[in-house]
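Keep the sequence and the coordinates side by side. The paragraphs below walk through the fold, then through individual residues.

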Amino acid sequence: MIVQEQQGKVPIPVSLEANKEVLGHELYEICLKAVLEWKQSHIFANWAPPEQDDQKKIELAVQLAALDRNYAGGLSQYI
C-alpha cells in the first residue's frame, strides 16, 4: 500500500512510514532517498510491520547507505 501522493511528489510506501522508528533518522532518510530520488519504492512495498524482521530492515538500509557512499557518484549514478 502506498501513501497518497502529496503535491505531485512520489508516494511513500505505508510500510516504510510504519517502520520509521525502527530505522531511526539516518536510515529512514536513506530509505526515503531510495523512494523519492531513485524511484525504488517497490523495495519497501511488502515490508513487515514494526517488530517483525526489524533486523533485516535495518541491514537493508545500512547496505543502501554503504552502497550510496561507496559507489562513485552515489547510487543515483548507478540506478
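pLDDT is the predictor's confidence in each residue, on a scale from 0 to 100. It matters here because this is a predicted model. Over residues 1–7, pLDDT stays under 50. The model gives that stretch 14 contacts beyond four places in sequence. Where pLDDT is low, the predicted coordinates should not be read in detail. For the chain as a whole, the mean pLDDT is 89. In total, 90% of the residues reach 70 or more.

Start with the overall layout. The chain has four helices and zero strands. Read along the sequence, the pattern is α-α-α-α. Of the 79 residues, 32% count as buried. The accessible surface comes to about 5,400 Å². Carbon and sulfur atoms account for 50% of that surface. Now take the contacts between residues at least 6 apart in sequence: 48% of them join residues at least 24 apart.

Next, helix H2. It runs over residues 20–36, which makes 17 residues. How far apart are its end C-alpha atoms? They are only 15 Å apart, whereas a straight helix would reach 24 Å at 1.5 Å a residue. H2 also has a bend, of about 90 degrees, at glutamate 26.

Several residues of H2 are buried. They are Leu23, Leu27, Tyr28, Ile30, Cys31, Leu32, Ala34 and Val35. What do the buried residues of H2 pack against? Their partners are helix H1 (14–18) and helix H3 (54–70).

In soluble globular proteins, nonpolar side chains tend to be buried together. Here the largest nonpolar core has 17 residues. Those with the most contacts inside it are Leu16, Leu23, Ile30, Cys31, Phe44 and Leu64. H2 and H3 each supply at least two residues of this core. The largest share, eight residues, comes from H2.

Setting aside residues up to four places away in sequence, leucine 16 touches Leu23, Tyr28, Cys31, Leu32, Val35, Phe44 and Trp47.

Now move to the loop between H2 and H3. Tryptophan 38 is found there. Is tryptophan 38 buried or exposed? It counts as buried because its relative accessible area is 5%, under the 20% cut-off. Beyond its neighbours up to four places away in sequence, tryptophan 38 touches Ile30, Lys33, Leu64, Asp68, Leu75, Ser76 and Ile79. Serine 76 is 38 residues from tryptophan 38 along the chain, yet their C-alpha atoms are separated by 6.1 Å.

Aspartate 68 sits in helix H3. With a relative accessible area of 14%, aspartate 68 is buried. Leaving aside neighbours within four places in sequence, its contacts are Ile30, Lys33, Trp38, Gly74, Leu75 and Ser76. Ile30, Lys33, Leu75 and Ser76 are also among the residues that tryptophan 38 touches.

Lysine 39 lies in the loop between H2 and H3 as well. Lysine 39 is exposed because its relative accessible area is 51%, over the 50% cut-off. Apart from neighbours within four places in sequence, lysine 39 is in contact with Val10 and Ala34. Valine 10 is 29 residues away along the chain, and the two C-alpha atoms are separated by 7.8 Å.

Finish with the backbone. Most residues other than glycine have a negative phi, and most peptide bonds are trans. Which phi does lysine 39 have? Its phi is positive, about 55 degrees, although lysine 39 is not a glycine. Aspartate 53 also has a positive phi, near 60 degrees. Aspartate 53 lies in the loop between H2 and H3. At 47% relative accessibility, aspartate 53 counts as partly exposed.

Conventions
Residues are numbered from 1 along each chain as its sequence is written. This is a predicted model: local features need pLDDT of at least 70, side-chain atom pairs count only at pLDDT 80 or more; totals for chains, interfaces and linings use all residues. Side-chain values use heavy atoms; hydrogens and water are left out. Contact means heavy atoms within 4.5 Å. The expected span of a helix is 1.5 Å times one less than its number of residues. The bend at a residue is the angle between axes fitted to the seven residues ending there and the seven starting there. Buried means under 20% relative accessible area, exposed over 50%, partly exposed in between (1.4 Å probe, protein chains only). Accessible areas come from the Shrake-Rupley method with a 1.4 Å probe; for residues, only the protein chains shown count as cover. A nonpolar core is a set of buried Ala, Val, Leu, Ile, Met, Phe, Trp, Tyr and Cys residues joined through side-chain atoms within 4.5 Å.
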